[in-house]
Amino acid sequence: MQSIFPGVRANALSAIAHLSTSENSLTHDDLTTLCQLLFQEENQNVARLWCNLISQWVRQHQCVPPIVLDLLTEIPSRLSAQHLFEGGTARAMMDALKAIAQSEAQSLDSAALSQVVRKLLLSIHIVQVRNSESEMIDLLSAMNRLDRQLLSILIHEDCPLIARHGWVRNIFAVVKTIRRVEGQRSELLNNILAADWCTPEIRSVILEVRGG
């Protein structure tokens with residue numbers, strides 16, 4: 001994993017992912033060491049393969065080493081700085097975050113996980129991501145069980161920034177998550193309608209989810 005060649009690192013991750021399907025083949029300590037080696041990673045293909053490995057490992061073990069969230073926090077920042085954070089990597093990261101959220105592991109730092117999810121929403125327009133809206137709704141719904149304040153924080157702190165980018169699909173996913181977890185008369189939807197960043201397009205989606 002310390003090779004200077006991204007292709008070598010990618011092949012190594014693919015081999016590790018294949019071997020990790022066997023029980024106890026990749027331990028908690030092994031994964032922690034692997035994360036330490038990848039902390040400075042700036043190659044999008046290696047980052048995507050690592051996210052795939054995390055998804056697989058968490059679903060198998062139902063726990064999350066703390067360093068995993070630290071590294072997930074770094075991925076959007078490092079790749080976005082090089083304009084390399086694209087749909088494939090974002091999709092893999094979304095799946096990893098969903099696996100972590102759905103694990104509801106006892107030692108999970110839900111506040112740290114919320115920060116990673118927020119960073120993802122602020123890093124890419126999910127229209128670039130395959131099956132993005134349904135996957136993001138599933139992720140945010142799982143997060144709502146862990147952090148009841150997240151949707152409100154998204155609306156009041158992050159959605160104004162997202163709206164400035166014109167990334168309306170990200171906001172649509174938030175709206176439809178609120179409809180799923182709180183119902184069509186949720187006060188959070190009223191908060192969006194009253195916001196100065198609520199465009200006619202966003203308003204139309206809210207009316208749609210309310211059956212109007």
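This is a predicted model: local features need pLDDT of at least 70, side-chain atom pairs count only at pLDDT 80 or more; totals for chains, interfaces and linings use all residues.
Figure 1. The volume of the largest cavity is about 60 Å³. Rolling a probe the size of a water molecule over the atoms shows where empty space is left.

**Figure 2. The lining of the largest cavity.** The residues that line the largest cavity are Leu-38, Phe-39, Glu-41, Val-46, Ala-47, Trp-50, Leu-71, Glu-74, Ile-75 and Arg-78. By class, this lining comprises 7 nonpolar, no polar and 3 charged residues. At least two lining residues are supplied by each of helix 3 (44–61) and helix 4 (66–81). The most is given by helix 4, which contributes 4 residues to the lining of the largest cavity.

**Figure 3. The packing of helix 4 against helix 5.** Helix 4 packs with helix 5 (residues 87–103) at an angle of about 160°, and their axes are 12 Å apart. Angles over 145 degrees count as roughly antiparallel, so helix 4 is roughly antiparallel to helix 5. The two helices, helix 4 and helix 5, form a left-handed crossing. On the side of helix 4, the contact involves Val-68, Leu-69, Leu-72, Ile-75, Pro-76 and Leu-79, which meet Thr-89, Met-93, Leu-97 and Ile-100 of helix 5. This contact of helix 4 with helix 5 consists of 9 nonpolar residues and 1 polar residue, with no charged residues. Ile-75 of helix 4 takes part in this contact and also belongs to the lining of the largest cavity.

**Figure 4. The packing of helix 3 against helix 5.** The axes of helix 3 and helix 5 cross at roughly 20° and come within 8 Å. Helix 3 and helix 5 are therefore roughly parallel to each other. Their crossing, that of helix 3 and helix 5, is left-handed. From helix 3, the residues Gln-44, Ala-47, Arg-48, Cys-51, Asn-52, Ile-54, Ser-55, Val-58 and Arg-59 meet Gly-88, Thr-89, Ala-92, Met-93, Asp-95, Ala-96, Lys-98, Ala-99, Ile-100 and Ser-103 of helix 5. The contact of helix 3 with helix 5 includes 9 nonpolar, 6 polar and 4 charged residues. In helix 5, Thr-89, Met-93 and Ile-100 meet residues of helix 3, and Thr-89, Met-93 and Ile-100 also meet residues of helix 4.

**Figure 5. The packing of helix 1 against helix 3.** Helix 1 (residues 6–19) packs with helix 3 at an angle of about 10°, and their axes are 9 Å apart. Because angles under 35 degrees count as roughly parallel, helix 1 is described as roughly parallel to helix 3. The crossing in which helix 1 passes helix 3 is left-handed. In helix 1, Pro-6, Arg-9, Ala-10, Leu-13, Ser-14, Ile-16 and Ala-17 meet Asn-45, Val-46, Leu-49, Trp-50, Leu-53 and Gln-56 in helix 3. The contact of helix 1 with helix 3 divides into 9 nonpolar, 3 polar and 1 charged. Val-46 and Trp-50 of helix 3 belong to this contact, and Val-46 and Trp-50 also line the largest cavity.

Terms used:
Residues are numbered from 1 along each chain as its sequence is written. Side-chain values use heavy atoms; hydrogens and water are left out. On a 1 Å grid over the protein atoms alone, a cavity is a set of points where a 1.4 Å probe fits but cannot get out, and a pocket is an open set with protein on both sides within 12 Å along at least five of seven lines; lining residues have an atom within 4 Å of a point. Grid points are joined across faces, edges and corners, and a volume is the space filled by probe spheres set on the points. Ala, Val, Leu, Ile, Met, Phe, Trp, Tyr, Cys and Pro count as nonpolar, Asp, Glu, Lys and Arg as charged, and the others, Gly among them, as polar. Axes are lines fitted to C-alpha atoms, for helices over the stretch in contact, and angles run from 0 to 180 degrees between N-to-C directions. Angles under 35 degrees count as roughly parallel, over 145 as roughly antiparallel, 65 to 115 as roughly perpendicular and the rest as oblique. A crossing is left-handed if the near helix is turned anticlockwise from the far one by less than a right angle, and right-handed if clockwise. Contact means heavy atoms within 4.5 Å.
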